[in-house]
Amino acid sequence: MLYRIAVILFLWNSIIYAQKPAMQKIVDSTWNEIQKNIFTKDIAYKINDFLIDNPDQNISKEIATIISSQLEEQAKSDTNSVKYYVSYLNYLAYWYLKNDKNSLIAEKYLDKIFQVIAKNNKTCQYYPLLDVLPDVLSSRKRDFDIVEDLLKLSLKRIEKYKCYAALVFFEFDLATYTGQRKGDFKQSLKHLLRANQLIETYYNQIPIQQVIELYDILGSTFYRSSNYEKAILYWGKLEKILAEKFAKNEKYHYPYARILNNIGLMYFRQEKYDEAMPYYLKAIEVAKKEKLDFWVSLPKGNIGDILLKKGYVDSSYTYFQEYLNNAYKHQDWSIVVAGHTKMANYYLKKGNLAKAQENAFKADSILNARNKDIFILNPILINISRRNILQAQAEIFEKTGKYPEALKVQKEFIHLSDSINKATNAQQVLMLNAEFEVQKEELENDKLKKEIKQRELFLVISAIISLVSIILGIVTLLSRLKIQKQTALLQEKNEEILAINEALAVKNQDVMDSILYAERIQKTFLPYENRLKKTLQNYFILYKPKDIVSGDFYYVTQQNQATFIILGDCTGHGVPGALMSIMAVTLLDQIIIDKHIHEPAQILQELDKSVVKFLHQQETHNHDGMDISICVWYPATRKLVIGGAKTFILLKSQETLEEIRTDRYNIGGYNTQIEKIFTQQERILAPSTLIYLFSDGYIDQFNTEHRKIGKKRFIELIAENMHKPLQEQQKILSDFVETWRGGEEQIDDIAVMGVLL
């Protein structure tokens, strides 16, 4: 067959448009090949190449038209020809999108496809045919944008046929092309979430294999961004389906043991070892019945981790050994690396440092040598393997007295951990945005449906009132009957509106759940308690967001011999303010840690430029920005360098409380067109000096008489209590603002920070 196609292509490239007999010969030869290979993928690929790659587009169009007509005629009586005709029309739609850039003609061919399959009552059976072409093009031609356009056009058309399995199919396909093929993971997640909404609404109309595939990829997607709760949610749904199939001894594509092990791993990642253990044990039981020795040993390695963490060191060895031996047997190098790392941790617990070093070295060398062979779904995962090795190596060097080596490895471990956290947080923010947008679209659609129903209700009521008015002029009896019917109809419509309002309340709760999850993400960007205690020792932070998440933020880090203490107040509050604060923390990381800029004036200058650039404020009407206080403390010399934008800082030394004003500019905002020159001040501090940083949220709170706390009252409050322990000061400030408000709404985010230097 391939030889005949080659002959056809050779003849095609040698003819001229005017050579009608030669062209007819090619048409006949091509037609003969189609008859012999109806809907064979091989012939489909070759015909596609024949039409798409021919240099003479006019002749290609003419031959395509002739073959299309012949196929259309044959499809009237032959089922196989209908299938091939559908695929052929899909090729023509692609051909016009690519070569003519003509979406109107492409849409005409797509409309014809759905006319054909609807006429044959095959809408929900033939839609997979429309996936053959994207599969060919994405693997051979990489025309991802055109493929995406083709899939979107098909999705738009199939919506009116209410074939929900097809809608899930196309959303899933679009997720694949936008994510894996184009790298747009946010858009990919949006398509997956839309597919999930369809499954939740029309579960009984969706093939179970589509449901299984979607739940599995959603579980994997959320696992890769460390959102373990959501991973458990979708893998848990999949586990229920597979458990039912397992009980009935039905065959299925996905190993049930793998999903059980994955759920156990999610609980383990959250340090919920008692919840993880039953899933690991069940995975082993299922894998034995399925005769999958790989999935017998993998959960055993994870059980070994739990035993080691709980102090059952000797018991963990057998599990680790079987895990490692099976990894070598299957040549799964990622598991081999993990196995040697587990063995290194085991020997560390046993005090056998030589064996621990040997296994850590093997893990590191195999990870480097087999890097390309290891199948990694996400680059973050390979960094986690390297981080685990570094953690074991640091402990080995420390216990063997090699302190310089231990310090070096520990620094690499900390740097890699920070990189993993940043990458994971970035993915979580990306996924949260995708979930927000899908929920927003759903709310907007529900709102539109409600408005349409209300308009319909208004029209119905208007029509009924008009009809009743006419009837009242004729006969009273008939009017009474109509009024009764009208009342019943109005009650029915009111019940529909109540149902819509209840649905909106559910959606609002979903949005609130998403905002609560956003609060968790924002907290990961703020310094965690261990770092604060290690860096500052004696401090307090009063942090009261107005709307769950906050536009205020605090930032503490230690670089070389300097400690950076920063507090900022971004434009707005709630979700917009939180997004601004996350941006601010990310930019400060880049400036202080990555670019090594440590002078407050230079930090402010760089931060201002970065915000203007990041928000495109030179080209848009965006005026968001922030006020910020920056203190850089050098403990060895007791030098404090202060800078800020539209803030003031309080400094308590012995019996005095000094107010230090900063520059009058803010960061970003309205004044992006003027040149900003930021300055800094230096102080040499006496022992036991206190500094106070704060946003204007505390000062601006109103009481029931609509009076603000104000700057003067705030400074007096600090002065009256600055000799007391810091934790007591925090409570006094918190109690005072709540008493002052007296039940009035909090109007802004509040952040106050006190640090003993």
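Modeller: Buried means under 20% relative accessible area and exposed over 50%, with partly exposed in between (1.4 Å probe, protein chains only). Residues are numbered from 1 along each chain as its sequence is written, and side-chain values use heavy atoms, without hydrogens and water.

Colleague: Why is Glu-658 called partly exposed?

Modeller: Its relative accessible area is 31%.

Colleague: What makes Arg-683 and Glu-658 a salt bridge?

Modeller: The closest N and O atoms are 2.8 Å apart. A salt bridge needs a side-chain nitrogen of Lys or Arg within 4 Å of a carboxyl oxygen of Asp or Glu, so the pair qualifies. Arg-683 is in strand S9 (residues 681-684) and Glu-658 in strand S7 (residues 656-661), so the bridge ties together parts 25 residues apart in sequence. Helices (H or I, at least four residues) and strands (E, at least two) are DSSP runs, numbered from the N terminus. At 24%, Arg-683 is partly exposed. Salt bridges with shared partners also join Lys-544, Glu-738 and Arg-741 into one network.

Colleague: How many salt bridges does a search of the whole structure find?

Modeller: There are 24. One of the pairs is Lys-350 with Asp-314, at 2.7 Å from N to O. This pair links distant parts of the chain: Lys-350 sits in helix H18 (residues 333-350), Asp-314 in helix H17 (residues 313-330), 36 residues apart.

Colleague: What makes Glu-244 and Lys-248 a salt bridge?

Modeller: Their closest N and O atoms are 3.3 Å apart. Glu-244 itself is partly exposed, at 45%.

Colleague: How do you know how H15 and H16 are oriented to each other?

Modeller: Two packed helices are described by the angle between their axes and the distance between the axes. Helix H15 (residues 273-290) and helix H16 (residues 293-309) pack at about 155°, with axes 8 Å apart. Axes are lines fitted to C-alpha atoms, for helices over the stretch in contact, and angles run from 0 to 180 degrees between N-to-C directions. Angles under 35 degrees count as roughly parallel, over 145 as roughly antiparallel, 65 to 115 as roughly perpendicular and the rest as oblique. H15 and H16 are therefore roughly antiparallel.

Colleague: Which residues of H15 meet which of H16?

Modeller: Among them, Tyr-273, Tyr-280 and Leu-281 are on the H15 side, with Trp-295, Pro-299 and Ile-303 on the H16 side. Contact means heavy atoms within 4.5 Å.

Colleague: Where is Ile-208, and what does it touch?

Modeller: Ile-208 is in helix H12 (residues 208-224). Residues up to four places away aside, Ile-208 touches Tyr-203, Ile-241 and Lys-245. At 33%, Ile-208 is partly exposed.

Colleague: Where is confidence lowest, and where highest?

Modeller: Helix H1 (residues 2-14) is lowest, at a mean of 42, and strand S10 (residues 690-694) highest, at 97. Over residues 1-19 the pLDDT is below 50, yet this stretch has 37 contacts beyond near neighbours in sequence. Where pLDDT is low, the predicted coordinates should not be read in detail. The chain mean is 77, and 67% of residues reach 70 or more.

How values were computed. This is a predicted model: local features need pLDDT of at least 70, side-chain atom pairs count only at pLDDT 80 or more; totals for chains, interfaces and linings use all residues. pLDDT is the predictor's confidence in each residue, from 0 to 100.
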